[in-house]
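Colleague: Could you take one part of this model and go through it closely, residue by residue, with the cut-offs behind each term? I would like to follow the side chains and their surroundings in one connected account.

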Amino acid sequence: MRRVSFCFTEQEHAAGEYVKMIRDTLKLLIPVQYTENELLNILLTDKEAVMKEKGSSVEINVDNVNLDFIFR
C-alpha cells in the first residue's frame, strides 16, 4: 500500500475549513431520509432535534405502510 501525503498552503487549508463549516451547517438543514415523503422527513428530523435538546435518547424507525386506501 502506498501512502499519499498532501501539502496544502495556508489558503487551501482555510478554504477546506470553510467548506467543512458549510457542510456542517447544511447537515442541520437537510433532514435524514426516513421515508420517501420529504415533509414527513422534515417533521421527524425536527422532532428528533427537539427531543435531543431536552436530553431524551431518540431512535426513529419507520416502516413503509401502504396508505392507498385513503385515496379511494
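Modeller: Aspartate 46 is partly exposed, with a relative accessible area of 40%; here buried means under 20% relative accessible area, exposed means over 50%, and partly exposed lies in between, using a 1.4 Å probe and protein chains only. Before going further, please keep in mind that this is a predicted model, in which local features need pLDDT of at least 70 and side-chain atom pairs count only at pLDDT 80 or more, whereas totals for chains, interfaces and linings use all residues. Residues are numbered from 1 along each chain as its sequence is written, and side-chain values use heavy atoms, with hydrogens and water left out.

The side chain of aspartate 46 meets that of lysine 47 in a salt bridge, at 4.0 Å from N to O, where the term stands for a side-chain nitrogen of Lys or Arg within 4 Å of a carboxyl oxygen of Asp or Glu. Lysine 47 is likewise partly exposed, at 48%. A search of the whole structure gives three salt bridges, and another of them joins lysine 52 to glutamate 48, whose closest N and O atoms are 3.5 Å apart. Glutamate 48, with a relative accessible area of 15%, is buried, in contrast to the partly exposed aspartate 46.

Helix α2 covers residues 38–53 and includes asparagine 41, and threonine 45 is also found in this helix. Threonine 45 is buried, at 16% relative accessibility, and asparagine 41 is buried too, with a value of 0%. Once neighbours within four places in sequence are left aside, asparagine 41 is in contact with Pro31, Val32, Gln33, Tyr34 and Thr35, contact meaning heavy atoms within 4.5 Å.

Methods:
Helix = DSSP H or I, 4+ residues; strand = E, 2+ residues; numbered from the N terminus.
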